[in-house]
Amino acid sequence: MVTINLPPLPERAEDIPLFIDVFIKEFNRIHHKNVQTVSSEALAVLSRYYCPGNVRELKNSLESMVITAQGQEIKKSDIPDYILEARGPIRGPKLLPAGIPLEEAEKELIKNTLAAIQGNRTEAA
């Protein structure tokens, strides 16, 4: 017996564009659509999404986006609200390096917070 340890999708954000491409092709065939790409803005949202349901949730969400997409591109407006409004753990390093100056640590935390909430400074404050 061989055991393969595969980390959950939230720990493999770099795999999300690959999954998106595969799922778009599959759903184009099933639903007779012609979606070719995902806008950079939509891809950024999907790549930041924590995806607690893992690959299955991403797949189900993409099916709905392919079905509702107008034209050949999935846009941010095609993304379900629960993904757009999601607040989850921030992707990226879990810990700051030991010995980092407090000023640098504060800058890094602010930068990560702004990234997680799409740059909304009022909400970050």
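A polar atom of the Ser-61 side chain lies 2.9 Å from the backbone oxygen of Glu-57. The structure is a predicted model, and the distances and accessibilities in this report are computed from it.

Ser-61 belongs to helix H3, which runs over residues 54–68. Glu-57 is likewise placed in helix H3. The two residues are set out below with their relative accessible areas; a residue counts as buried when this value is under 20%.

| Residue | Relative accessible area | Class |
|---|---|---|
| Ser-61 | 3% | buried |
| Glu-57 | 16% | buried |

The surroundings of each residue may be described next. Leaving aside residues up to four places away in sequence, Ser-61 touches Tyr-82 and Ile-83. With the same exclusion, Glu-57 touches Tyr-49, Cys-51, Pro-52 and Tyr-82. Ser-61 is also 8.0 Å from Ile-79, C-alpha to C-alpha, although 18 residues separate the two in sequence.

H3 has 15 residues, so at 1.5 Å a residue it should span 21 Å; its end C-alpha atoms are 22 Å apart, which agrees. The buried residues of H3 are Glu-57, Leu-58, Ser-61, Leu-62, Met-65 and Val-66. Because these residues cover an arc of only 165° around the axis, they lie on the same side of H3. The partners against which the buried residues of H3 pack are helix H1 (16–31), helix H2 (40–48), strand E2 (73–74) and helix H4 (81–84).

Note on methods. Residues numbered from 1 in each chain as written. Predicted model: local features only at pLDDT ≥ 70, side-chain atom pairs only at ≥ 80, totals over all residues. Heavy atoms only, no water. Helix = DSSP H or I, 4+ residues; strand = E, 2+ residues; numbered from the N terminus. Buried < 20%, exposed > 50% of the residue type's maximum accessible area, 1.4 Å probe, protein only. Contact = heavy atoms within 4.5 Å. Polar contact = N/O pair within 3.5 Å; in protein donor to acceptor, adjacent residues only side chain to side chain. Expected span 1.5 Å × (residues − 1). Arc of directions from axis to C-beta.
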